[in-house]
Amino acid sequence: MPRLSEVIAALDALWPPQRAEQWDAVGTVCGDPDAEVTRVLFAVDPVQEIADEAIALGADLLVTHHPLYLRGTTTVAAGHFKGRVVHNLIKHDVALHVAHTNADTAEPGVSDALAGALDLRVTGPLVPENNLGRICELDHPETLAEFAARAAKRLPATAQGIRVAGDPDMTVRRVAVSGGSGDSLFDAVRAAGVDAFLTADLRHHPVSEATQQSPLGLVDAAHWATEWPWCEQAAAQLDEISDRHGWDLRVHVSKTVTDPWSAHHTSPGAPN
C-alpha cells in the first residue's frame, strides 16, 4: 500500500500546486505523510457531511476541490464548524487534501470534465494565458433551449436547476464552458466569438450587460454541479495511477449534493 506522501506526490503531479492562484489555499490540510492509504474519497466541498461520509466509508484520504480554510485561520478548535471537520478527520485517521485553482487550470482540468459531461468537443482554452475554461464545439447545432436542456440532463441535479439568458431559439454551434464562477470571463467569452457560455454564479449586472452587448446565450448552473464532474475525472486519473503502480487503491466519488441551495420555487409574482 502507498503512503500518504506517495499519493500526494502523484496528485501534485496531476495538479501542480504552483499553478494555483496566489489567493488560494491548496495542498494537504491534515494527515500523516507516513500513513498507509487504501481508500480515497473525492468530493467538491470539505463540509461535515462529506467528512462523515469519508469516515463511514473507511477512507484514509479525502480529496476536495474547495479549500476548507480559503482565507486562513488562527484556530482549529472543535467548537468551530471547520475545526470540527479537522478534529473528526484526524480522530479517524483521514487525511484531507485540496486541489482548487491548480485543478481549474490543469490539463485535463475542471472545465475539461464539465465539457466531457456534456459530450462537447474541446477545441482549446478560453483563456490561453492560464489555461482557464474551454472553447467547445457541438456535434450538431442546437437551439439555446436544447443546449440548456442538455446541461440540465447531464449535470447532477440541484435545487437551482439551469437558468438561461438570451433567445431560447437562437442557434448554438460553439460554446465556452467554465466550471465554477464565470462572470469574470465575459471579455474572453466575447473575444472567442462563441454562441453561448455555460458556467455558474452569474450575477444580474454582468448578465444584463452581456445580453445587451451581443446575442450571447448564457446558461447558468449551480456552482457545485459544474465542478462535480471533476471528481469523477480526478478519481479515474488516480485509479489509472494506482493500477500503474500496483497500489490497489479503492477510489470513490461522493454523490452527496453539497450545493448550499436547498429549494427552488417558480415565482408567479404579483401582476406587473
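Guide: Two strands pair if DSSP finds at least two bridges between them, and strands (E, at least two residues) and helices (H or I, at least four) are DSSP runs numbered from the N terminus. The model is predicted, so local features need pLDDT of at least 70 and side-chain atom pairs pLDDT 80 or more, whereas totals for chains, interfaces and linings use all residues. Residues are numbered from 1 along each chain as its sequence is written, and side-chain values use heavy atoms, without hydrogens or water.

Strand S2 (39-43) pairs in the parallel sense with S11 (residues 250-253) over four bridges, and phenylalanine 42 stands opposite valine 253 there. With S3, S2 also pairs in the parallel sense over four bridges, valine 40 standing opposite leucine 61. From S2 the chain crosses through H2 to S3 in a right-handed β-α-β crossover (with the strands pointing away from the viewer, the path from the first strand over the helix to the second runs clockwise).

Four of the five residues of S2 are buried (under 20% relative accessible area, 1.4 Å probe, protein chains only). In H2 (residues 48-57), Ile50, Ala51 and Ala54 are buried; seen down the helix axis they fall within an arc of 105° (taken from the directions to the C-beta atoms), so they line one face of H2. These buried residues pack against S2, S3 (61-64) and helix H3 (81-91).

Beyond neighbours within four places in sequence, phenylalanine 42 is in contact (heavy atoms within 4.5 Å) with residues including Trp15, Val63, Trp230 and Leu238.

How values were computed. Buried means under 20% relative accessible area, exposed over 50%, partly exposed in between (1.4 Å probe, protein chains only).
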